[in-house]
Amino acid sequence: MKPVNHKAWWLVLPVLVLVAFSALIPLMTVVNYSFQDTFGNNQFFWAGTVWYEQVLNSERFWNALGRSFAFSTIILAIEIPLGVFIALHMPRKGIGVAFCLVLMSLPLLIPWNVVGTIWQVFGRVDIGLLGGALAAIGVDYNYVQDPVDAWATLIIMDVWHWTSLVVLLAYAGLAAIPEDYYRAANIDGASGWAVFRYIQLPKIMHVLTIAVLLRFMDSFMIYTEPFVVTGGGPGNSTTFLSIDLVQIAIGQFDLGPAAAMSIIYFFIILTFSWVFYAVMTRDPDAGQQVVENSEGEAGK
Amino acid sequence: MNLSWMAWTLPTALFFGGIVLLLAAMALWARLRPANTPRIGILGLATQRGDRLFLALLGSAFIHLGWAAWAPLPLFVGSLISLVYAALVFRFV
């Protein structure tokens, strides 16, 4: 048997140190804060589970959570099919490939706060192109006062900003499909839908898993763009969990409730990430393979 | 090095110490009795020991959250339920 070389672990060490400082230590600190109360000056008092009880029994938390889920669901329902549709219609050869890829990458290169500012100006009725154009054709649009308009603006903004990511991932997946599959489908006289359903979709499922995961986590944690465009309003209509969290932690300096809310938020993200990952990477033949492996090992 | 900003307390330090010990125990278990073949459980997913530990810890976290927020009994009852839940996960998932 070939000896195992454990030296490779040293190569992972820098990443572990980085993760420890950027994720583990802050997470441990937040857990510590969530069980204590503070009035500043690094003085803490044990509070037990009181902040968790307070957060989980507050209507404000559940409303913000509901809004975050609704936002993520809507943008996933739009961005994933739209991204796949665009990727399917992008050219595979010639100069159009580079042009489309650069065009698709552009929104991804713009910082979040700039995206928010662009759409905040774009949507204004007095000086914005979108707001002005809608007003000119008689549409009563005002994202500052109307919750439906505010939601529509945020959703369109997110679709504009992030559909490109889904497009690029789906396009990479489609480009990796060997030409032989299409030839075989052509010989069998498969329709365009059959090619998509039985060749392209299964082949891009793994990259779509990544796209869904990234977009869900990102949209569920969205903060900067809605904060810049609507500031959580009108009223609380676009106050997502992240905005509410920052208001509690920084606006009100209630570190205990904010930390408890952060931990709950973290568990929700962790759960959904795992569910998505488990469902979408589930191998239908896994059961059979496991049984065969077990039988093989039993026979040894 | 001043770590007062991390606001450590004995209960939270014990909690994280417990997690580290749990991971160390899992590593030792894998070393002594390797089990590289995934198992299909009641969820219909192929899981290994690490997956089952993850599910046990995550589920226990939710049990504790729910217990702290809504149950009238002390929190250690929730911990006992979590232990039973973890055992069921390791047995059936």
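A salt bridge is counted where a side-chain nitrogen of Lys or Arg lies within 4 Å of a carboxyl oxygen of Asp or Glu; the views below come from a predicted model.

**View 1. The two domains of chain B.** Chain B is divided into domain 1, residues 1-34, and domain 2, residues 38-93, and the C-alpha centres of these two domains lie 19 Å apart. Where the domains meet, seven residues of domain 1 of chain B are in contact with five residues of domain 2 of chain B.

**View 2. The interface between domain 1 and domain 2 of chain B.** Together the two domains of chain B bury about 500 Å² between them, with 78% of that area on carbon and sulfur atoms. On the side of domain 1, the residues that lose the most area to domain 2 are Leu22(B), Met26(B) and Trp29(B), which together make up 69% of what that side buries. Across this interface of chain B the rule finds zero salt bridges, while one residue pair is found in polar contact, both residues being at pLDDT 80 or more. By class, the side of domain 1 of chain B that touches domain 2 has six nonpolar residues, no polar residues and one charged residue.

**View 3. An aromatic pair in chain A.** Over all chains the structure holds 23 aromatic pairs, and one of them is formed by Trp119(A) and Phe122(A), which are edge-to-face at 5.1 Å centre to centre with 90° between the planes. Both Trp119(A) and Phe122(A) belong to helix α5 of chain A, residues 112-122, where they lie three residues apart, about one turn of the helix.

Methods
Residues numbered from 1 in each chain as written. Chains lettered and ligands numbered in written order. Predicted model: local features only at pLDDT ≥ 70, side-chain atom pairs only at ≥ 80, totals over all residues. Heavy atoms only, no water. Domains from an automatic or database assignment. Contact = heavy atoms within 4.5 Å. Buried area = accessible area lost by both parts, 1.4 Å probe. Polar contact = N/O pair within 3.5 Å; in protein donor to acceptor, adjacent residues only side chain to side chain. Nonpolar A, V, L, I, M, F, W, Y, C, P; charged D, E, K, R; others polar. Phe/Tyr/Trp six-rings, centres within 6.5 Å; stacked < 30°, edge-to-face > 60°. Helix = DSSP H or I, 4+ residues; strand = E, 2+ residues; numbered from the N terminus.
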